[in-house]
Amino acid sequence: MSERPHDPEAAVWRALGEVLDPELPVSVTDLGLIYGVRVDGERVEVRLTFTATACPCMEFIEEDVRDRLLAEPWIAAVEIEQVWDPPWTSARISPAGRRALRGAGVSA
């Protein structure tokens, strides 16, 4: 097993902050798509939602989340749980996400 970070959960959140929405220049964390993470040894569980049930990027986002987390040498497995309750709203977008969206010409 590779060396675990001092705070594995915080390390997972930092890594997820590098995963961008495929359609917008904003991370999945700043969009508020991540509802939670849980670290159990080398296994990470991610609770993830989407902006809409018909989001055309769902598979891409899940793949990007999984690929980014598996790039961490101390993570061996990633489980993603799609969460629809509570439903995503724009209120979940962080201030940094709102600035990034405004910079891209998208109102939020």
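Predicted model: local features only at pLDDT ≥ 70, side-chain atom pairs only at ≥ 80, totals over all residues.
Residues are numbered from 1 along each chain as its sequence is written, and side-chain values use heavy atoms, with hydrogens and water left out.

Are they buried or exposed? Cys-55 counts as buried at 13% relative accessibility, and Cys-57 counts as buried at 7%. Here, buried means under 20% relative accessible area, exposed means over 50%, and partly exposed is in between (1.4 Å probe, protein chains only).

Next, pick Pro-56, in the loop between strand 2 (43-48) and helix 2. Helices (H or I, at least four residues) and strands (E, at least two) are DSSP runs, numbered from the N terminus. At 60% relative accessibility, Pro-56 counts as exposed.

Now show helix 1 (residues 8-16) together with helix 2 (residues 58-70): their axes come within 9 Å and cross at roughly 130°. The axes are lines fitted to C-alpha atoms, for helices over the stretch in contact, and angles run from 0 to 180 degrees between N-to-C directions. Helix 1 and helix 2 are therefore oblique to each other; angles under 35 degrees count as roughly parallel, over 145 as roughly antiparallel, 65 to 115 as roughly perpendicular and the rest as oblique. Helix 1 passes helix 2 in a right-handed crossing (clockwise; a left-handed one has the near helix turned anticlockwise from the far one by less than a right angle).

Which residues make the contact? Select Val-12, Ala-15 and Leu-16 on helix 1, then Val-65, Arg-68 and Leu-69 on helix 2; contact means heavy atoms within 4.5 Å. Coloured by type, these residues divide into 5 nonpolar, no polar and 1 charged. Ala, Val, Leu, Ile, Met, Phe, Trp, Tyr, Cys and Pro count as nonpolar, Asp, Glu, Lys and Arg as charged, and the others, Gly among them, as polar.

Zoom in on Val-12 of helix 1, which is buried with a relative accessible area of 1%. Leaving aside residues up to four places away in sequence, Val-12 touches Val-37, Val-39, Val-44, Leu-69, Trp-74 and Ile-75. The C-alpha atoms of Val-12 and Glu-45 are separated by 9.9 Å, and the two residues are 33 apart along the chain.

Also in helix 1 is Arg-14, which is exposed with a relative accessible area of 54%. From Arg-14 to Gly-103 is 22 Å, C-alpha to C-alpha, across 89 residues of sequence.

Move over to Arg-66 in helix 2. Arg-66 is partly exposed, at 29% relative accessible area, and touches Val-78 and Ile-80, not counting residues up to four places away in sequence.

### Last stop

Finish at Pro-86, in the loop between strand 3 (77-82) and helix 3 (95-103). Most peptide bonds are trans. Look at the bond joining Asp-85 and Pro-86: this one is cis, with omega about 10°.
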